[in-house]
Structures are given as structure tokens and as C-alpha cells.
Amino acid sequence: MIPIDAPLAQTIVDRTMCILDCNVNVMDAHGTIIGSGDASRLGQMHDGALLALSQARTVEIDEAMASRLYQARPGINLPLRSDGTIVGVVGLTGQPDQVRHFGELVRMTAEMMLEQSRLTRLIARDTRQREELLLNLIRNDTLSPGLADWAQRLGLDLDQPRVVAVIEVDSHTLGVDATLAELQQLQVLLTTPERDNLIATVSLNEIVVLKPVEVRADGWNADAHRERVHRLLSRMRDGSELGVRIALGQYFPGPGGIARSYRTALSTLDVGRRRAPDERAYFYQDLMLPVLLDSLRDGWQADELRRPLRALAAHDPHGLLQRTLTVWLAHDAQPGAAARALHIHRNTLDYRLQRIGALCELDPGRLDDRLLLYVALQLHAGARPLTNCKNAQ
């Protein structure tokens, strides 16, 4: 049972008095007036309501009876029920013979509003509980028995394979109310058409979506989710003022898989934002190596792995050699393709690679050394450039 509150009581009064030529009062389960067309009566005890509550029936008060009750006025008082329980009373002021035929209509209207409010609160409570459960899933590697029982009560199947997508919301140009409205619209887009997505709003700037995946013998179908992300972004461009970035993580089976998927989505978003700030969709499969290396970014290991690039930058003020190395590795160390992309002769490319090897004390022709150079570039990507190599050839 959800008790009637003052805002709802006043709403009932205001709506019914728009069509009735009499004062309406709404009392709570203790007989106190919490909504009235006469503001001076708010907070007063209503003797007619107390009788209706104690006897669980409609009570009519005529002039004679009103004179025997404290601050009572003629009228009719009808109990209000919500989910089978009396939660208050609605009273119409006036001679009973004149207002009686309005009483049942007013009670029916009030009880419909009470039921709507009850269902809205239950839905809101269920939504909050679902979101709290999802927040527990993305933050914990182990699934406690209590969490499993909680999911069962909410009707959620935790055995359903899911991958996590993180949506970063940019609402700095909107007010709080406009942002909340846009976030609600975004949640509609995420659930239409129905895809069994589980959604949690972490903050005004972050939404987490647990997307069901179909696991096949050769893995999960990441391409299908890639297409859905792009369709969502297209739909948002057509009808939303929010700026968003979406990062799709990796799918992990078994207990703790959702938490790991969430962490890969967060890292994918962070790496993608640094490497390609103008993009709006990032995918773990496209950024796997830099995402896996991202946890090293602030450690001594990353500092050691970046050391060859520091040596290179010290003797490459215009970034010519750094860009050459980047393009060469991007073309799978194929000299012909790299030379064409750089618009230089292959002999020039060979000379630059030799120079790079000498400065970095690594041999680009050796697989291990080439891997170290590649990792150094990956860790460097998105950070402040060592040099300005925009116009290097």
C-alpha cells in the first residue's frame, strides 16, 4: 500500500473542482486535510473523514450533524481505496442532497488517479532496483547469491550472454530539465525496437547498456552490434540535441564477464576519444591493442616502452622520421606501399628506417624490435605529440 501524499491530494482537488461547483477536500489515512480548495483548512483534522475511516463507509453530514462536530461543514465523505486498502477520504462540501450524485464520480476519479500514481511509483521503484542491480553487475567480478536472488525477483536472466556498451553524453549546452528529457528519449531509442537491452543511467554523462549477444561456435557476432550502434547514432542525429559517444566492449562468458566487458568498454571509450576525438563510435575490436596497453600508460613499463620514441624525437625536430615509422608500420612494414603513401622513393625509405634504427638502438628489420617500436607508437597515440609531424613526408 502506497499512502496518498499532499501533492497528489491537491492535484485531485484541482482537477475535480474544475468541473464541480463546490469545495473538495482530500484527507489522509489519519483524517488530516492535505488537499483542499480552501487553503485555510489545510492541516486541520476533519471529523467527517474520521467517521468515514473508522466505519469504512460513506458518511453524510447535514446541518444538524455538522453542528455537533468540531469545525465540520455539511457535505459527503467517501473513503478512498488503493490496492484494496483505505488510504484516505475525499469530501465534497455542500448539502448532501445537492452533492451526493457527484460523490461516486469524484471518488472514482480520485481512485483512478491513486492507482495511476501507485503504478507509476512501482514502475519507478522497479526501474531503480534494476539499475542498482546492473551497477552491481558492472562493478563486481563475482556474482553473490544475494545478487542472483535479486535478479530472479526482478525477472532478469543473468545467464543470458551480454556485452556492455558505454554511452558518454555531452549535454553542456542544455539545462538539467532538457538533459533529463533527452536522456529519457535516448532510453526509448535504446529499447525500440525491443532488443532486451538492460539500461542503467550511471550519471547525467554516462549510460550503460547491457546488450544480449548470440554466441556461436566461432564466437559472438560483433558486426551486428556495430551496425546497431551506427543506426542508433543516425536516429539520434535526426531527433536529439544530445551529443554522444558510444563505445562497445568485448564479450566475456561466465561469472564476472559483464564487469570485464564494462571495463573494456570504458577503456575503448577513453582510447578512442584520445585517438579520434571527432568520431562518435568506438569498438574494442578496432582498438584491441591500444586498449590492452592502456593500463600501462602511467606505469614504469609504459615509460620504458616509450623510451625509443624519446630518443627519436630528440633528433627529429620536424617529426619526419616519426611519421615515416608510423606510415611504414601502418602498411604492415611493406616498403613499396609505405613509400607510395609517403610519396618518396624506396631508397629514401630505406635510409630513413636505418636512421630510425640507429637513433632508437633497435633494428626495424627484426620482429622483436619492430614490435617494440609499434608498441611505443601505440602508447604514444593520443598523448601530447612529441613533435609536430603534420606536414612531414
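**A chat about a predicted model**

User: How many helices and strands does the protein have?

Analyst: In this model, which is a predicted one, the protein has 14 helices and 12 strands. Its radius of gyration is 34 Å, well over the 21 Å that the globule rule gives for 393 residues, so the protein is more spread out than a compact globule.

User: And what box do the C-alpha atoms fill?

Analyst: Taken along the principal axes, the box filled by the C-alpha atoms is roughly 115 × 40 × 35 Å.

User: OK, what share of the residues is buried?

Analyst: Buried residues account for 44% of the 393 residues. As for the surface, the protein exposes about 21100 Å², and carbon and sulfur atoms supply 51% of that area.

User: What about contacts between residues at least 6 apart in sequence, how many of those join residues at least 24 apart?

Analyst: Of the contacts between residues at least 6 apart in sequence, 58% join residues at least 24 apart.

User: Now the inside. Which residues have the most contacts within the largest nonpolar core?

Analyst: That core has 26 residues, and those with the most contacts inside it are Leu133, Leu137, Ile138, Val164 and Leu210. The elements that each give two or more residues to this core are the helices H4 (96-139), H5 (145-153) and H8 (257-275), together with the strands E6 (162-170), E7 (198-203) and E8 (206-212). Apart from this core lies another, of 25 residues, which includes Leu190, Val213, Ala222 and Leu248.

User: What does Leu210 touch, if I skip its neighbours within four places?

Analyst: With those neighbours left aside, Leu210 is in contact with Leu134, Leu137 and Ile138, with Arg162, Val163 and Val164, with Asp196, Asn197 and Leu198, and with Ile258.

User: H4 came up there. Is Ser117 buried or exposed?

Analyst: Ser117, which is found in helix H4, has a relative accessible area of 16%, and because the cut-off for buried is under 20%, Ser117 counts as buried. Ser117 and Ser82 are 35 residues apart in sequence, while their C-alpha atoms are 9.8 Å apart in space.

User: And Glu111, what does that one touch?

Analyst: Glu111 also has its place in helix H4, and its contacts, not counting residues up to four places away in sequence, are Pro79, Leu80 and Arg81. Glu111 is partly exposed, at a relative accessible area of 23%. From C-alpha to C-alpha, Glu111 and Ile12 are 9.4 Å apart, although 99 residues separate them in sequence.

User: Let's go to H2. Which of its residues are buried, and which strands do they pack against?

Analyst: In helix H2, which covers residues 47-55, the buried residues are Asp47, Gly48, Ala49, Ala52 and Leu53.

User: What follows H2?

Analyst: H2 is followed by Ala56, which lies in the loop between H2 and E3. Phi of Ala56 is near 55 degrees, a positive value in a residue other than glycine, and at 37% relative accessibility Ala56 counts as partly exposed.

User: Where does His343 lie, and what is its phi?

Analyst: His343 lies in the loop between helix H12 (335-342) and helix H13 (346-360). Its phi is positive, about 60 degrees, although His343 is not a glycine. His343 is exposed, with a relative accessible area of 68%.

User: Another loop residue, Gln285: what is it in contact with?

Analyst: Gln285 sits in the loop between strand E12 (281-283) and helix H9 (288-294). Apart from neighbours within four places in sequence, Gln285 is in contact with Trp220, Ala222, Arg226, Gly249 and Gln250. Its relative accessible area is 27%, and Gln285 is partly exposed. The C-alpha atoms of Gln285 and Leu321, 36 residues apart along the chain, are separated by 29 Å.

User: Last one, where is Asp223?

Analyst: Asp223 has its place in helix H7, residues 222-239, and counts as partly exposed at 49% relative accessibility. Asp223 and Arg307 are 84 residues apart along the chain, and their C-alpha atoms are separated by 37 Å.

Conventions
Residues are numbered from 1 along each chain as its sequence is written. This is a predicted model: local features need pLDDT of at least 70, side-chain atom pairs count only at pLDDT 80 or more; totals for chains, interfaces and linings use all residues. Side-chain values use heavy atoms; hydrogens and water are left out. Helices (H or I, at least four residues) and strands (E, at least two) are DSSP runs, numbered from the N terminus. The radius of gyration is taken over C-alpha atoms; the globule rule is 2.2 Å times the number of residues to the power 0.38. Buried means under 20% relative accessible area, exposed over 50%, partly exposed in between (1.4 Å probe, protein chains only). Contact means heavy atoms within 4.5 Å. Accessible areas come from the Shrake-Rupley method with a 1.4 Å probe; for residues, only the protein chains shown count as cover. A nonpolar core is a set of buried Ala, Val, Leu, Ile, Met, Phe, Trp, Tyr and Cys residues joined through side-chain atoms within 4.5 Å.
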